[in-house]
Amino acid sequence: MTLAANPWLAAVAVPPIAEAQGWIEGRTFPADKPLIDVCQAVPGYAPPDALVAYMAEALKNPTTHRYTDIEGLADLRAALAGDINRVYGGAVRAENVLITAGCNQAYCLATAALARAGDEIILPLPYYFNYQMWLDMIGVTARHVRFRPEAGGQPDLQEIRSVINPKTKALVLISPNNPTGSVYPPEFLSAALKLCRETGIALILDETYRDFMPHDEAPHGLFRENGWEQNLLHLYSFSKVFCLTGHRVGAIVGDPKLLDQIGKSMDCVAICAPRLGQIAARRGLEALGDWRGGNTKLMRDRLAALTKAFARNDLGYEVVSAGAYFAFVKHPHTGRKATDVAKRLADRQNLLALPGSMFGPGQEDFLRVAFANVDADKMPEIAARLAADAATGW
């Protein structure tokens, strides 16, 4: 007898990154046309030597190998609260913070705390695929609202309002967005929180990429609003800013009473986030301000280089929106499936990008380019390969 998986889990597609990497499995690439991988959002540089040395020293301490509190290290929670107050203003406290094993887990725990099977959560198109996958696994319906390329990817709040019903538990927004790179303006986010208050639902705001904003101003003023805790759950990740992707450290910021409930799930699925990653994140907040700021500038330079490279007249591919780590690009092969376009680019141009269809229905005209792990001087080569593809008949 073969064991059968839960039907909800079995119906979920293979993780998209793994699927795309399978397209080039076993291949070798010539020196004059090496693989350019813009498939996955990972930092294209290592953590600083000083942080690695600090982590190595921490390994000698016996407590490093033990559990932390379910909510995470107290000094990390306090440090993140202070960092939020520095960036956004407001009065976030350590008790508003729960440390998680990455931002994906933060999202899973937050949504599971708010919704049960049969409930609904609003997930604007195009969505981050893991977020859709998780809702499918737990029997929560993802209610989509349309992608608006003409608005740079910013969803329509009136359309969001129109789909809210008694089963709706939350609205999910990501800014800077994955996959589009779109950065939502403060007034939009303030209006979104107001809408959630009026309708009695949560705003789950994922700001994994907030350290790579295109400007130095506060991303929004939500933490300065009275009673923000009542409707806002804020998600964050240390993975990108401190290059700790493998150490799995993220956070949920919200009402301490709700975090107490989320802590029950945390205790079951992980007990706590990995301690070494928490130690590294705390050290990063305390000592790596200049290094962190340098990488903010580095990403801005890479975005500027990509924008300049894509301005060539013969490109055929059009940047619809871009920011932080991502560009959402419209391909020129009208009527062709995005997966076919992405596979062709991998086969013929040694360029690995994700098809828009992996980010929800109606995205067949687009590709996601995760440019963050590519040096600025490689952006013209990306554009050249896309131009060569556009110039070739199907």
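## Pockets of the predicted model

Three helices, α2 (16-22), α5 (103-114) and α6 (129-138), each contribute at least two residues to the lining of the largest pocket. Helices here are DSSP runs of H or I with at least four residues, numbered from the N terminus. The model is predicted, so local features need pLDDT of at least 70 and side-chain atom pairs pLDDT 80 or more, while totals for chains, interfaces and linings use all residues. Residues are numbered from 1 along each chain as its sequence is written, and side-chain values use heavy atoms, without hydrogens and water.

A pocket is an open set of points on a 1 Å grid over the protein atoms alone, where a 1.4 Å probe fits, with protein on both sides within 12 Å along at least five of seven lines; lining residues have an atom within 4 Å of a point. Volume is the space filled by probe spheres set on the points, which are joined across faces, edges and corners.

| Pocket | Volume |
|---|---|
| Largest pocket | about 480 Å³ |
| Second largest pocket | about 380 Å³ |

Ala 41, Asn 104, Tyr 128, Asn 130 and Lys 240 are the closest to the centre of the largest pocket, among its 24 lining residues. The largest share of this lining, three residues, comes from α6. Its classes are 11 nonpolar, nine polar and four charged residues. Ala, Val, Leu, Ile, Met, Phe, Trp, Tyr, Cys and Pro count as nonpolar, Asp, Glu, Lys and Arg as charged, and the others, Gly among them, as polar.

In the second largest pocket, 18 residues form the lining, and Arg 86, Val 87, Arg 210, Asp 211 and Thr 296 lie nearest the centre. Two or more lining residues come from each of α4 (74-88) and α11 (289-309); α11 gives the most, six residues. The lining of the second largest pocket comprises five nonpolar, four polar and nine charged residues.
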